[in-house]
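Please open the structure in your viewer and keep the selection tool at hand. The stops below say what to select and what is there.

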Amino acid sequence: MVPLDYGRSFLRGTSAKNSVRFWIESRTRIIDAQRNTSTDYYQCASCKSENTFGEKDLFYDDNYDFLPIFGGANLLVFRRKAWLNPDYRSTYAIDQLWGQPELLLHEARQPVELTEWPAIRDATQAGQPIVTQTELANEELGLRAIIECPAKTMNISLDRQMYQNDTGPIALPDLGQRYDREIDSLRLAFIAFNAPHFADFVVEGPTPIVDEGTERATIYHYSQISSLPAKNRLFALT
């Protein structure tokens with residue numbers, strides 16, 4: 001999978017009412033060996049709920065984070081309010097909200113895979129864009145996924161000769177079971193790794209707020225932590 005140049009990759013709606021353009025923030029490819037399918041899911045950058053094209057008061061009072069994921073025949077939208085709202089996830093036909101989407105993708109020109117510590121260190125310190133790919137698999141179900149995203153935060157320890165990528169949100173698929181609609185397997189998460197063989201994730205989900213031993217409320221928050229075997233690759237964009 002050739003890495004995308006995330007600084008120049010977008011998804012555009014084709015509706016005359018709102019030909020919205022979203023910045024693509026990550027890409028998740030799910031490969032289903034049993035069904036012989038491969039589908040890319042494009043997680044777009046978050047925005048806030050808005051009174052689009054209004055004369056004034058452009059943000060709604062009961063505001064929420066709005067994040068779409070496009071892929072296959074469907075569109076998945078996350079709406080996160082300050083409280084545990086029941087419409088946190090909504091799924092639509094892919095052309096239902098803004099018309100049939102148009103992908104404005106730019107692949108990276110001559111990406112260089114970074115396989116050794118000195119190359120990762122030098123690319124980070126030189127300010128080169130870095131894109132990561134994390135491959136997960138469930139061999140029993142014949143499912144694989146490749147999660148690709150720009151490395152937004154890269155930690156470098158010169159003393160220990162170690163790196164650690166920390167990026168999100170990304171679209172993390174649940175490969176532990178099969179879903180009637182594949183897009184329903186996706187969850188919002190952040191990813192971190194510092195070695196080629198595993199990745200850690202913190203997933204957004206219902207999270208209780210506890211004060212002095214008493215649960216005061218429940219909200220959506222990145223709180224569900226897991227670690228998975230993975231194959232991690234890093235690419236410098238030239």
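Begin with the lining of the largest pocket: its residues divide into 12 nonpolar, 4 polar and 5 charged. Here Ala, Val, Leu, Ile, Met, Phe, Trp, Tyr, Cys and Pro count as nonpolar, Asp, Glu, Lys and Arg as charged, and the others, Gly among them, as polar. The pocket has a volume of about 520 Å³. Select N18, E50, T52, F66 and W98, which are the closest to its centre of the 21 residues that line the pocket. Then colour β2 (21-32) and β4 (47-48), each of which supplies at least two lining residues; β2 gives the most, with 3 residues. Strands (E, at least two residues) and helices (H or I, at least four) are DSSP runs, numbered from the N terminus.

A pocket is an open set of points on a 1 Å grid over the protein atoms alone, with protein on both sides within 12 Å along at least five of seven lines; a cavity is a set where a 1.4 Å probe fits but cannot get out, and lining residues have an atom within 4 Å of a point. Points are joined across faces, edges and corners, and a volume is the space filled by probe spheres set on them.

This is a predicted model, in which local features need pLDDT of at least 70 and side-chain atom pairs count only at pLDDT 80 or more, while totals for chains, interfaces and linings use all residues. Residues are numbered from 1 along each chain as its sequence is written, and side-chain values use heavy atoms, with hydrogens and water left out.

Next, the cavities. There are 2 of 30 Å³ or more. For the largest, with about 90 Å³ of space, select I30, D32, R35, L143, D174, L175, Q177, R178, Y179, E182 and S185, which line it. By class these are 4 nonpolar, 2 polar and 5 charged residues.

The second largest cavity holds about 30 Å³. Select its lining: S46, D65, F66, L67, F78, R80 and L188. Which strand gives the largest share of this lining? The answer is β5, with 3 residues. Both β5 (65-71) and β6 (74-80) supply at least two residues. The classes here are 4 nonpolar, 1 polar and 2 charged.

Now go to helix α1 (residues 117-125) and select W117, I120 and A123, which are buried (under 20% relative accessible area, with a 1.4 Å probe and protein chains only; exposed is over 50%, partly exposed in between). These three cover an arc of only 140° around the axis, which puts them on the same side of α1. The arc is that of the directions from the helix axis to the C-beta atoms. Show β10 (130-138), β12 (153-157), β13 (162-173) and β17 (231-236), which are among what covers the buried residues of α1. After the helix comes G127, whose phi is positive, near 75°.

Move to V2, in the segment before β1 (10-12). V2 is partly exposed, with a relative accessible area of 39%. Leaving aside neighbours within four places in sequence, V2 is in contact (heavy atoms within 4.5 Å) with R27, E107, A108, Q133 and E148.

Finally, show the whole protein, which has 1 helix and 17 strands. Its C-alpha atoms fill a box of roughly 50 × 50 × 45 Å along the principal axes. Buried residues make up 45% of the 238 residues.
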